[in-house]
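The points are grouped by topic.

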Amino acid sequence: GGALAGMEKTGLQVDVALESVARMWFKEEYAEAEREAVSEAQWEITGRREDNWIPIFVCMVAYPGVKCPLHVFEPRYRLMMRRCMQSGQRAFGMCSSNGYAIAELGTLLYINSQRLLPDGRSYIDGIGIKRFRVLETDSRDGYTIGRVEYLTDTDLAPSPTAPPESALSNCLRLAEALETILTTRLLDGVPPTTRAAIIQNFGDIPHPDRAAPHALSNIAFWAVALLQADVSSGGLLLYAARGGARGVLRYWARRAYRAFVASKRDGFDLSLQGLGYRMLQMTKTEERLQTALRILEDTLDQAPRRSPSRESAGTRSRSSSRGRGSPPP
């Protein structure tokens, strides 16, 4: 059982019939072996055997349900990614920083794929899984590790076995409204090449699903991540959607300044990312969805509609704004 569980966690081939027999007839032994395999993998990555220690990539704000492509070139993060892949864990934390300390909140990312380059650099295709709070930090071979607490929204927390129906229905309604605005107002008429770049860098728009209440916030994170990247790239997607980019950028400049001032109170200069970080701080799915819906509606309504003669423009790939992949030394 121990050998089978260990092989499974490291990605080696396991005989399916033999594994089924072990799970059926040696349940306790197999479960214990799985715990030991996870503990060994955690030890390899973090040097700790206690629960909930993870490696942390200190770079930027990432979001649950949103893709996070990375170009990894710093030696410390090359080592971290190699250990994540070799151990079979394929997961690490992502946190922003103010240059002196990492943010209290972050997102656990899962590595969908890794493309290694001959010189040791790599391209990581990651996606956000869930939020966490950093309880304490340490370092291992140059990269940060942290003991974390995983977070769950309070309004959709199981009570005792399922979220309250009224809260779930309201959140589902808000998520569906957000999906409609994204598809019919922001992305409708976007050139195919731009849409392909958006999917490549952010993933598909998360579809609201009543059967997955814990994931209803993902579409809110997706919308805000897209808007932030677009404004950082010059507001071209919003320009294509509404025309009059100047009005949009003035609106976002005011909002960004307010986010900057608010973030200063907490000691973090997050500027444009301040809005996304505050959404990580929110404890209710409904509040997060309402915020994203209001921001998207306000942003689209701020700018005048483009004239019929205006030629649509695309938005630059997020990979260009995230291309560094690693924080500056």
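Both members of the pair Arg-131 and Asp-153 are buried. In this predicted model, their side chains form a salt bridge with the closest N and O atoms 2.8 Å apart. A search of the whole structure finds 10 salt bridges, and 0 disulfides.

**Arg-133 and Glu-149**

- A salt bridge joins Arg-133 to Glu-149, and the closest N and O atoms are 3.4 Å apart.
- This pair links distant parts of the chain, with Arg-133 in strand β5 and Glu-149 in strand β6, 16 residues apart.
- Glu-104 joins Arg-133 and Glu-149 in a network of salt bridges.

**Asp-141 and Arg-83**

- The side chains of Asp-141 and Arg-83 meet in a salt bridge, at 2.7 Å from N to O.
- Distant parts of the chain are linked by this pair: Asp-141 sits in the loop between β5 (122-140) and β6 (143-150), Arg-83 sits in helix α4 (residues 75-87), and the two are 58 residues apart.
- Which of the two classes, buried or partly exposed, applies to Asp-141 at 47% relative accessibility? Asp-141 counts as partly exposed, because a residue is exposed only over 50%.
- Arg-83 has a relative accessibility of 15% and counts as buried, since the buried class covers values under 20%.

**Cysteines**

- How many disulfides does a search of the whole structure find? The search finds 0.
- Cys-84 is buried, and its relative accessible area is 0%.
- Cys-95 is buried as well, with a relative accessible area of 0%.

**Background on charge pairing**

- Side chains of opposite charge can pair when their charged atoms come close.
- Among the salt bridges described here, Arg-131 with Asp-153 has its closest N and O atoms at 2.8 Å, Arg-133 with Glu-149 at 3.4 Å, and Asp-141 with Arg-83 at 2.7 Å.

Note on methods
Residues numbered from 1 in each chain as written. Predicted model: local features only at pLDDT ≥ 70, side-chain atom pairs only at ≥ 80, totals over all residues. Heavy atoms only, no water. Salt bridge = Lys/Arg side-chain N within 4 Å of Asp/Glu carboxyl O. Helix = DSSP H or I, 4+ residues; strand = E, 2+ residues; numbered from the N terminus. Buried < 20%, exposed > 50% of the residue type's maximum accessible area, 1.4 Å probe, protein only. Disulfide = S-S within 2.5 Å.
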